[in-house]
Amino acid sequence: MSPGGGIIYDAALKLKPEDVGRPDVNLYPVPYLDVLIGALKESGHEHELSKYQVMTNTVAFGASAALIDFDFDLVAEAIKEGFTGRKAALGELNVKAAQNGYDYVRKNFHDDFAYKLHSLPTKQKRMVIRGVQAVGIAKFRAGCSFQTYYPITPATDESEYLENHQKDYNIVVVQTEDEISAILMATGAAHAGVRAATSTSGPGFSLMAEGLGWAGHTEAPGPIIILYQRTGPSTGLPTRTEQGDMQFVLHAGHGEFPRMAIAPGDTMECFYDTFDAFNYADRFQMPVIVVADKFLASTYRTVEIPNISDLKIDRGQIVSETDLKENVPFKRYAFTPLGVSPRTTPGTRNGIFHTTGDEHDEFGSITENSENRIKMMQKRMRKLELAAEAIPNSKKVNFFGPPKADVTLVGWGSTKGAILDAMQDLEADAIRCNFLQVRYLSPFPTALVSKYLSSSKQKVLVECNYTGQLGALIREHTGIAMDRKVLKFNGRPLSQNEVYEGVKDAIKNGMKEVVMAHA
Amino acid sequence: MLELKDFRTKVHNDWCPGCGDFGILNAIQMALFELKLEPHNVAIFSGIGCSGKTPHFVNTYGFHTLHGRALPIATGAKLANRDLTVVAVGGDGDGYGIGAGHFLHAGRRNLDFTYVVHDNQVYGLTKGQSSPTLPKGERTKSMPAPAIVEGINPIATAISSGYTFVARSYALDVRHLKEILKAAILHKGSALVDVLQTCPTYNDINTKEWYAGADLPSKSPRLYKLEEKGYDGVVKDPNNSGEVTEKKIQAIVNSFEWGDKIPIGVFYKIEEPTFEEMIETRMPTYKTTTLVKQDVLNRNVDPLFQYLT
């Protein structure tokens, strides 16, 4: 505890200051039960103490708010939000308990606590949003009308969010029998012309590997797979976070086929990357995986409402009935200079096509012809190069800090916030940093990453996994190796302090690898 | 004016001579033609196996999917565009083995689609291993030893898992099969048509001659039509739970008749709300406009942001 901090505790403990052993810390004994009894009496519930004893928590909550001089109206509002409908009366009772706790502190202690929390005057309304909500709203905005899922932590929250708004936004949400079905149902829907998605975490994504290959091979315009990584392998630490699935995402499925993988670093990047994923899936006819994690999924952030008026939907090359001729078989897999074949959707007259997981010709008929095989492989894989050209550089990576620095921090995904915060601390310690955040994992932004890293003096990889998967990916594509690694794989998110301590340890003590362990 | 040939393609067919698949393929094409469906409004989905190639030979939209996975893909496509007539085909290994989970749950949803299973008791494409429907103790010619596990009963399984139209037919009786397929396609809900089929290459037990009863003293065909013995599997009042249970039990009992006599025909049929109709109860626009034609590209999400302020 920081010097000058305070401890609010139950006065019934009869704690003596010398027992605490911290003369620099303020003690605030509050008789929780007595305060609660008072509140119950005033509300006519004095005979129901045993039923309401749990509300001593609320007394303590009110007491804390008083200590930091927090606006009680906001406290009351927050409590009432938790008790709606039939529970509203219970909410009022809780507000009363909090109020009495609040008043007790005001009445009995000097107003000399050094830490205060006042609301900031804001010009713009801000929202409190979680990753699963940002993804959900992006799906609505992108025109996604089909979502599948199999219940799994922490991805299910997103599907439930979509289902809660099903009536207003006209989306079909299907709970499937397993994740094999989830990805394939979404792929079938994508082939049939709707924007389709599924969400899961590692164990579910493992089951999706087979379907991912079929989607890639048949050049389906999707689906979008939101992967909320959690601590693996197997069941791992099922409710905790990790960045352990990146290499799996890039290689899942047998054989070689194109896929895109985007890694958002914060809540609003979850929104924008999900929106973009649908456009790219349609344009390049391949599955797109948004690689988020438990931390991004569940963490509440206060952010400004984004201006999204410039978001444009691009459904790629769709051939309509008027462009088709009778008795001319449609080439669903036509060889084109860029690799993308214009598509029809089932129900389109004269647009009939066959598709297959076997190697096929331009009509989608099975063939083992050698020349065709080479051309089809090249056609499919070339679409990744096309995608690489289409994605703006500003989206492929983020680069923060001065162009020249002592240390370049390299990371991806949800560690972004901790790394950005720690940069100031390192700067204060005379360690001048910049930070390369890789956002596109496939197609990999080789030229950009090379550019930023080739001029870097010392590269420190910061990741939440055991092996340093981004480091391996960067080396695979650019030949550039990381100098040092700060890693964490205990399931807990990386904190600002840990980045600061880890990077400092790595630099000052010349450590090749530092493993962080804050719980 | 559509002709039968409009449902055929020019794709080369490499099934073995005499394969039951030909009868099933012909029956599918005839059923679609006789129902006056337009080819572009039909989509056929298949898994992996000899039967998996079926969509390539039918001039409709065709999806040759993964082993055991035709049903999830078909379900996604049907839900995206309920105006399509969706037919899934697959083998017994495909549907009752590797795809068994999907088989159960597709029935449970009562999606409006038809599932045609080529049931020949062997994995033909991989050279004749026993499939999930091969009875215990049977040994086809490429098996090193007789099967030591019991075969499953597709009819009984389908009824228990919620299919609302459950029938059996025979690949070499194309006329019967065609009529059953037409009824299955017209049925509003999940329809299973289990098609007994010969595999002249690998199944040397359940041959054309065996089905014809050549080995029986009576020399009379093993297959007989359920209706010939006055059987009626149609539930008259779906709200009468007593009748529903009775009809289900009757169907299951009859589905276990296997040996000198094997019944074909409609075992069970009931009118229940489809999955699509159930979705309508949550999402009214689903009834009026097929999903793929709904305008979803201009949604205003501002209220969702505002709600979080």
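Predicted model: local features only at pLDDT ≥ 70, side-chain atom pairs only at ≥ 80, totals over all residues.
Student: Which residues touch the most other members of the largest nonpolar core?
Tutor: The largest nonpolar core has 188 residues. Apart from it lies another core, of 25 residues, which includes A:Leu40, A:Val59, A:Ala63 and A:Val105. Within the largest one, the residues touching the most other members are A:Phe146, A:Ala189, A:Val291, A:Val503 and B:Val166.

Student: Which element gives the largest share of the side of chain A that touches chain B?
Tutor: The two chains meet through 52 residues of chain A and 45 residues of chain B. Among the elements of chain A that give two or more residues to this side are helix H7 (131–142), strand E4 (144–149), helix H10 (179–191) and helix H11 (202–217). The largest share is nine residues, and it comes from H10(A).

Student: How many residues on the side of chain A that touches chain B are nonpolar, polar and charged?
Tutor: The side in question is made up of the 52 residues of chain A that are in contact with chain B. Divided by class, they are 24 nonpolar, 19 polar and nine charged.

Student: Is A:His118 buried or exposed?
Tutor: A:His118 lies in the loop between helix H6 (88–108) and E3 of chain A. A:His118 and A:Gly38 are 80 residues apart in sequence and, C-alpha to C-alpha, 28 Å apart in space. Because A:His118 has 9 C-beta neighbours inside 10 Å, A:His118 counts as exposed.

Student: What are the classes of the residues on the side of domain 3 of chain A that touches domain 4 of chain A?
Tutor: The domain assignment places domain 3 of chain A at 317–391 and domain 4 at 395–516. Their centres, taken over C-alpha atoms, are separated by 41 Å. Four residues of domain 3 are in contact with four residues of domain 4. On the domain 3 side, the classes are four nonpolar, no polar and no charged.

Student: Why is chain B described as compact as a globular protein of its length?
Tutor: The secondary structure of chain B comprises eleven helices and ten strands, and 52% of its 309 residues count as buried. The globule rule gives 19 Å for 309 residues. Chain B is described in this way because its radius of gyration is close to that figure, at 20 Å.

Student: What percentage of the contacts in chain A with a separation of 6 or more is accounted for by residues 24 or more positions apart?
Tutor: Chain A has 20 helices and 18 strands, and its C-alpha atoms fill a box of roughly 90 × 60 × 45 Å along the principal axes. Buried residues make up 50% of its 519 residues. Of its contacts with a separation of 6 or more, the share from residues 24 or more positions apart is 74%.

Notes: Residues numbered from 1 in each chain as written. Chains lettered and ligands numbered in written order. Core = buried A, V, L, I, M, F, W, Y, C linked by C-beta atoms within 7 Å. Buried ≥ 20, exposed ≤ 12 C-beta atoms within 10 Å, placed from the backbone. Contact = placed C-beta atoms within 7 Å. Helix = DSSP H or I, 4+ residues; strand = E, 2+ residues; numbered from the N terminus. Nonpolar A, V, L, I, M, F, W, Y, C, P; charged D, E, K, R; others polar. Domains from an automatic or database assignment. Rg over C-alpha atoms; globule rule 2.2 N^0.38 Å.
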